[in-house]
Amino acid sequence: MAQTSEKHHHASQLGASAIAPPAGLDALPPPAPALHHLRDDHTFDSQLGSAAIAPPNGEASLPPQLPAQYHLTTEPTSSTQQQPIKRFQTPPSTAPDPIPKPSSQPIPDNHTTTSQLGPSAIAAPPQTASLPSPLPAQSHAASDPQSHETQLGPNAIAPPAIPRPEPSEAHDETETEDLTFPTLPPFPSTTPTAPLTRLSLRKLLARDADEEQRLWTASRDLGFFYLDLRDAGSSSSEIDGPALEASIDALFALGEEVFALPVEEKQKYDFKDQGSYFGYKGLGAGVVDAKGTRDGNEFYNVSKDDVLGVSDKLPAPGVLRAEEARGLLAGFVRRGHAVVSLLLRVLEERLGVDLRGLHRLEKESGDQVRWVRAPAREEGEDEGEEKRALGEHTDFGSLTLLANRLGGLQILPPDSKTWTYVRPLRHHLIVNLGDALVKFSGGQLRSNLHRVVRAPGEQSRLPRMSLVYFSRPEDDVVLRDLTKGEHGASAEGGVTAKEWILRRALGRRVGGDYGVSEGTEGGRV
Ligand SMILES: O=C(O)CCC(=O)C(=O)O
Ligand SMILES: [Fe+2]
């Protein structure tokens, strides 16, 4: 596949308070702010390996790198908790919080509350529930900007009002309904697929004990599961499954616009040479193996902190700088992060460690939204050829929320030598754990190898796009075994999440050192 190199700048990315700059600014994108220069990549998050980095000699134990303001305390357990949770607490910040917290709102029964989601959870504003669906491609418009502004403060981007689908019956595992995507060629019925557990966001919100146990088991044994978004949450809480699904639909349409830009325009936003982790990666600008075989996809990475105003805005193409686009991204980020917080709560209760306190929405982190796009199979290309769009990797961060429509994602199940497709299911996210959770849990949780190949069967005739929300620990968090308290050793000798992402990311760009790009695969912690 020919490499497309282009170069642009990103501007838009999302910024925070930001709303679309005047039209003329498109032509002169400012350089990426230094803040985002982690050095690398683009990449794959995970991709980059982990353990790979040479541990410095021995001084792995204490967390001197943990910012001084973190104090370790122990909280009483709730009835469902397995172990006491050691929480990292931060003193009140003197810096202004870029994300104003709304006052608490009444929450209906069975729905999560801000306090259940942890201190970092921020309530999303109410959505308009009555508009017709489906969403037209570019019509993710807010209905009442004023009310959003009041709740979120002047600097925050208001998530757009998302039309909600008609309410439907609650769903369970025995249902036989169609979970395929009606406008796409079907995933072939004969292609073997991985048996991911299907979890219900609605049940997890209701603190269903069986569902929480299934989440724990799936996180430990495979590190991949489905999450059914239907009937989960409400428009008055930060968890709103249908609104999250609607924002995913709208972001697929926005992603098409981004990738449809001329290559020269997109390439302006490849910040690799400036050491930035965010922005564009062209087709073939990464490698999928140690031989240096070029990858077969393009990415566009948008920083959570940019979208929410936690950090400076990066340059971005006009289509991403538009107020509507930024609002849409902000809504997706808030809703995605809220789902992550809910899942982390279950894991932290089992582990007896504080995870949500290391993943606060308003703190700087490598969290990002990514669009991934691989071109359609070309005429005459062998249909069966397993062309790798994205090489095998484990994700670097904590939890990854993945919206797939076409097949192509494959996992290497534990103790198997056979790469196996994951079937995309409508109304569901695919969720996987990343290396940070392996490290925090002292190896109890699993970050499974996966890769992206050509979509199977007829599906390969279409370009494949997927949308991802990567959650990662806050930049300053030291990657170490938290279950051992303050003395948990770190294989990386106390490297922070931000440092590690940088090291890993370098490995899988063209010209990088593939040998240092491995993650927690192979049993490394
Ligand atoms: O596109 C996909 O389905 C998976 C993408 C992925 O694994 C990644 O970007 O880390
Ligand atoms: Fe991945």
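The model is a predicted one, in which local features need pLDDT of at least 70 and side-chain atom pairs count only at pLDDT 80 or more, while totals for chains, interfaces and linings use all residues. Residues are numbered from 1 along each chain as its sequence is written, chains are lettered from A and ligands numbered from 1 in the order in which they are written, and side-chain values use heavy atoms, with hydrogens and water left out.

F271 lies in the loop between helix 6 (263–266) and strand 6; helices (H or I, at least four residues) and strands (E, at least two) are DSSP runs, numbered from the N terminus. A distance of 9.8 Å separates the C-alpha atoms of F271 and L314, which are 43 residues apart along the chain.

The protein chain contains 11 helices and 16 strands. Of its 525 residues, 59% count as buried. Among contacts with a separation of 6 or more, 81% come from residues 24 or more positions apart, a contact being heavy atoms within 4.5 Å.

Eight strands form an open sheet with mixed pairing, in the order 4-5-13-10-15-8-7-6; two strands pair if DSSP finds at least two bridges between them. Strand 4 (197–200) and strand 6 (279–281) are the edge strands, each pairing on one side only. On average, and with direction ignored, neighbouring strands of the sheet are turned by 25° against each other. Axes here are lines fitted to C-alpha atoms, for helices over the stretch in contact, and angles run from 0 to 180 degrees between N-to-C directions. Strand 6 pairs with strand 7 (residues 298–303) in the antiparallel sense over three bridges, and K281 has F299 of strand 7 as its bridge partner.

Strand 13 is largely enclosed by the rest of the structure, because six of its six residues are buried. H428, I430 and N432 point one way from the strand, whereas L429, V431 and L433 point the other way. In general, side chains alternate between the two faces of the sheet in a regular strand. Strand 5 and strand 13 run antiparallel and are joined by five bridges; Y226 stands opposite I430 in strand 13. Strand 10 (residues 399–403) pairs with strand 13 in the antiparallel sense over four bridges, with N432 as the bridge partner of T400.

Helix 4 (residues 209–221) packs on this sheet, touching strand 4, strand 5 (224–228) and strand 13 (428–433), and its direction makes about 140° with that of strand 4. E211, E212, L215, W216, A218 and S219 are buried in helix 4. Seen down the helix axis, the buried residues fall within an arc of 165°, so they line one face of helix 4; the arc is that of the directions from the helix axis to the C-beta atoms. Elements covering these residues include helix 3 (201–205) and helix 9 (323–351). The exposed residues A209 and D210 are on the face of helix 4 turned away from its buried side. Just after helix 4, G223 takes a positive phi of about 80°.

Helix 5 (residues 241–259) is mostly covered, with 16 of its 19 residues buried.

Definitions and conventions
Buried means under 20% relative accessible area, exposed over 50%, partly exposed in between (1.4 Å probe, protein chains only).
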